[in-house]
Amino acid sequence: MTARFSFAIHATDGRARTGTITMKRGEIRTPAFMPVGTAATVKAMKPGDVRASGADIILGNTYHLMLRPGAERVNRLGGLHGFMGWDRPILTDSGGYQVMSLAELTKRSEDGVAFKSHLDGTRHLLSPERSIEIQRLLGSNIVMAFDELVPTTSTREVQASAMERSMRWARRSRDAFNAGGQHAEDNAIFGIQQGALDEGFRKSSADALIDIGFDGYAIGGLAVGEGQEAMFGCLDFAPGQLPVEKPRYLMGVGKPTDIVGAVERGVDMFDCVLPTRSGRTGQAFTRNGPINIRNARFAEDQGPLDPACGCPVCATWSRAYLHHLVRAGEILGAMLMTEHNIWFYQQMMADLRAAITEGRLTAFADDFRARYAARETSGQ
């Protein structure tokens with residue numbers, strides 16, 4: 001490992017690990033949850049408040065930023081770090097998922113994905129080389145290889161074809177990363193394992209990525225509607241197919257119980273819009289399950305969102321006040337609910353790291369699930 005990027009595992013408990021990723025912009029404690037800053041902002045949060053919650057790294061989105069305000073403009077304005085006022089590590093996704101799920105009139109070929117912007121109808125081609133260039137212009141610290149995602153319900157032929165193309169694109173992404181000189185700066189590149197839910201496809205993908213060589217490895221193509229049981233079934237084998245000495249990142253996950261189960265299966269990094277999106281719609285995560293603060297029963301509840309939480313929101317404001325703000329559509333309601341949720345996720349990760357270090361992960365995870373399950377599906 002070079003000084004620009006290293007990963008040290010400090011303790012293990014079963015398949016779970018806790019460790020530290022070290023980069024020039026700071027250390028990332030794992031297991032880590034990355035708040036999503038899609039458009040150069042973690043919605044409803046200031047960067048200093050995101051950092052105060054315990055977040056070591058955030059995620060930016062290549063697709064959205066290339067369309068607005070544009071990667072070249074962000075580069076002229078100091079890169080993402082200077083532009084948004086976040087001085088710690090940033091991971092950017094490759095844009096592939098958004099192109100295939102949000103863009104209009106997409107056409108896939110070996111070159112890349114031609115698409116029509118969902119914003120203004122302009123036409124673009126996102127290729128492995130262009131994706132890496134955009135991430136370089138943004139100033140990303142952890143760059144993701146460009147890949148092709150297909151639903152887990154696709155035929156085996158479609159899944160195999162997409163996985164094999166993703167591996168060809170992974171090599172082109174790595175070559176573009178090296179050619180751009182990013183490897184000599186404060187940058188790393190992760191490959192993305194594909195193969196839907198098929199163990200053989202996943203193994204072929206992992207072998208191809210290892211042959212190319214990456215600083216870390218993501219598990220892609222999950223959390224796209226297959227359900228928790230199927231996802232865990234895949235995670236029972238997929239992380240173990242990747243190098244033990246490199247960080248493993250499960251993309252787009254997820255619910256608190258998803259994260260706990262994935263950590264038990266050897267995953268180190270996560271991202272998801274759930275804590276911010278839920279905060280804006282009135283859902284708060286607590287140790288006893290999620291609650292919908294809009295419910296009338298909170299109208300005169302003077303207790304905090306979560307009595308066991310140490311966040312500034314729980315220390316200052318009541319459920320009754322938050323109920324009022326959210327029901328009245330006040331901006332402050334979305335801000336405070338989001339802040340609490342980001343703190344909840346970061347405290348959950350800290351608790352997981354401590355449980356692994358102390359060799360009590362199974363007991364912690366079982367207790368977490370038992371307490372959380374009562375409200376998880378109802379959101380009440």
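Modeller: Leaving aside neighbours within four places in sequence, T38 is in contact (heavy atoms within 4.5 Å) with K43, L59, G60, N61, H64 and L65. This is a predicted model, in which local features need pLDDT of at least 70, side-chain atom pairs count only at pLDDT 80 or more, and totals for chains, interfaces and linings use all residues. Residues are numbered from 1 along each chain as its sequence is written, and side-chain values use heavy atoms, with hydrogens and water left out.

Biologist: Why is T38 called buried?

Modeller: Buried means under 20% relative accessible area, exposed over 50%, and partly exposed in between (1.4 Å probe, protein chains only). T38 has a relative accessible area of 16%, and therefore counts as buried. T38 lies in the loop between strand 4 (32-37) and helix 1 (47-52).

Biologist: Which residues does UniProt list for "binding site"?

Modeller: The unreviewed UniProt entry lists D93, S94, G95, G96, Y97, D147, Q194 and G221. Such annotations may be inferred rather than shown by experiment.

Biologist: What makes D93 buried?

Modeller: Its relative accessibility is 10%, so D93 falls under the 20% limit. D93 is placed in the loop between strand 6 (90-92) and helix 5 (96-101). Beyond four places in sequence, D93 touches L59, G60, N61, T62, Q98, Q135 and M144.

Biologist: How do you know that G96 is buried?

Modeller: The relative accessible area of G96 is 0%, which is under 20%, so G96 is buried. G96 is found in helix 5, and its contacts, leaving aside neighbours within four places in sequence, are F146 and D147.

Technical notes: Helices (H or I, at least four residues) and strands (E, at least two) are DSSP runs, numbered from the N terminus.
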